[in-house]
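Subject: Structure for you to look through

Dear colleague,

Please find below the sequence and the structure that I promised to pass on to you. Could you open them side by side and follow along as you read my notes?

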Amino acid sequence: MDTKRCFANRFDDYQGSLLAGQCEEAVAPLVTATIERILQELPPLGGDAEARGATAGASGCQGGLYGGVAGVAYMLYHVSQSPLFSTARERYLRSAKRLIDACARAEEWGEPDADTRAAFLLGGAGVYAVATLVYHALGRSDYVQPLGKFRALCAVCAPVSFLECGSDELFVGRAGYLCAALVLKQKLSQEVLTPAQIKSICQAILDSGKQYAIKKRKPFPLMYSYYGTEYLGAAHGLSSILQMLLSYHEHLKPSDRELVWQSVDFLMEQEQNCNWPPELGETIERENELVHWCHGAPGIAYLFAKAYLVSKKPQYLDTCIRCGELTWQKGLLKKGPGICHGVAGSAYVFLLLYRLTGNSKYIYRAQSLFPVNLIKVEHLLYTRQHCFK
């Protein structure tokens, strides 16, 4: 057992019953209290006049959905959609609008990084996507304005090499842009990109991957790099790029679909003891391996879940289950409660497996790994179809 990156898991495994004391009545006050604390600790954000000055308030809007107040706005939107918090719905949405408006002003009037204009998790695409969702939830017809700005970014990321660091990964690249479009489609119940736009982005991803694989003489058809590193994990690597291509597989030519499946199978073959190294070609050191959403089995599980849902082939579900077994062993991460490299990222794997299998063992494991009860709320809020349509 790795004692450096995770705590030893001393929980008993599932014996036929869920953990007691995790009912809605017990959980909701914890969520409400956490939200209030977050809102109290937010940095000051400049108003319209200030933001149109130099960059007043822009510093408080940095970080995008991943590490900034745009992520808080999305959290407020997300919670507002649950009947558990219906009495606070309007207040949460108004707060979300105030925050996301400030982020949008920073994008338009500040000096945003040109490399993050089309970024989902770290930049403009995520800001405009959340603004669209918040405005739509408030019943505002002008939600089409941020939606139009989101759509316009399609042209930014369509060129094969639009980013020097790597144009295809999840945080700033094309996979992230497609992921944002998928979220908008689910929440708005409408396709937000035209078929031609979707095909152009998918084709750019495919062309980029083919060119790199040929240039580097890879024995498989699609590969990518980010800042010169051939990552495999969900944060910057091959797995999330392939997941997004599978999410839009109906827009791909049959020959290109075959290349995607060949690459999925190649990645499955890179498994080492139920895990994957951060970079292609590395050998995992068991005493120091990464079992995080960003690098390793907890994030790569989502690719194989999607592969199973599209193909119905049992080997992909079996691989996803093995990811879960390793996460149960090494998922109590010392880095904290977060998603990227924390305990919540591990617990989400079990919510994923529960939706795939219906086995209550995975709800029990999620409860155990994230025992502050908030995981119960995520189960209630996070719909079965999220990320899979």
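Tyr 227 is found in the loop that runs between α10 and α11 (238-247), where helices (H or I, at least four residues) and strands (E, at least two) are DSSP runs numbered from the N terminus. Although Tyr 227 is not a glycine, its phi is positive, at about 50 degrees, and with a relative accessibility of 61% it counts as exposed. For these surface terms, buried means under 20% relative accessible area, exposed means over 50%, and partly exposed is in between, with a 1.4 Å probe and protein chains only. Ser 189, in the loop between α9 (174-188) and α10, also has a positive phi without being a glycine, in this case near 60 degrees, and at 67% relative accessibility Ser 189 counts as exposed. As background, most residues other than glycine have a negative phi.

Before going further, please keep in mind that this is a predicted model, in which local features need pLDDT of at least 70 and side-chain atom pairs count only at pLDDT 80 or more, while totals for chains, interfaces and linings use all residues. Residues are numbered from 1 along each chain as its sequence is written, and side-chain values use heavy atoms, with hydrogens and water left out.

The loop between α12 and α13 holds two residues that I looked at, and Arg 286 is one of them. Arg 286 is partly exposed, with a relative accessible area of 34%, and its C-alpha is 9.6 Å from that of Gln 272, a residue 14 places away in sequence. His 292 lies in the loop between α12 and α13 too, but His 292 is buried, with a relative accessible area of 3%. Leaving aside neighbours within four places in sequence, His 292 is in contact (heavy atoms within 4.5 Å) with residues including Pro 298, Leu 333 and His 341.

How do the helices pack? Two packed helices are described by the angle between their axes and the distance between the axes. Here the axes are lines fitted to C-alpha atoms, for helices over the stretch in contact, and angles run from 0 to 180 degrees between N-to-C directions. Helix α10 (residues 195-215) and helix α12 (residues 254-269) pack at about 55 degrees, with their axes 12 Å apart, and α10 and α12 are therefore oblique to each other. Angles under 35 degrees count as roughly parallel, over 145 as roughly antiparallel, 65 to 115 as roughly perpendicular, and the rest as oblique. Gln 203, Leu 206 and Lys 210 in α10 meet Asp 256, Leu 259 and Val 260 in α12.

The axes of α13 and helix α15 (residues 343-357) come within 9 Å and cross at roughly 15 degrees, which makes α13 roughly parallel to α15. Among the residues that meet there are Ala 301 and Tyr 308 in α13, and Tyr 348 and Leu 352 in α15.

Finally, the largest nonpolar core has 130 residues, a nonpolar core being a set of buried Ala, Val, Leu, Ile, Met, Phe, Trp, Tyr and Cys residues joined through side-chain atoms within 4.5 Å. Val 260 and Phe 304 are among the residues with the most contacts inside this core. Beyond its neighbours within four places in sequence, Phe 304 is in contact with residues including Val 264, Trp 276 and Cys 320.

With best wishes
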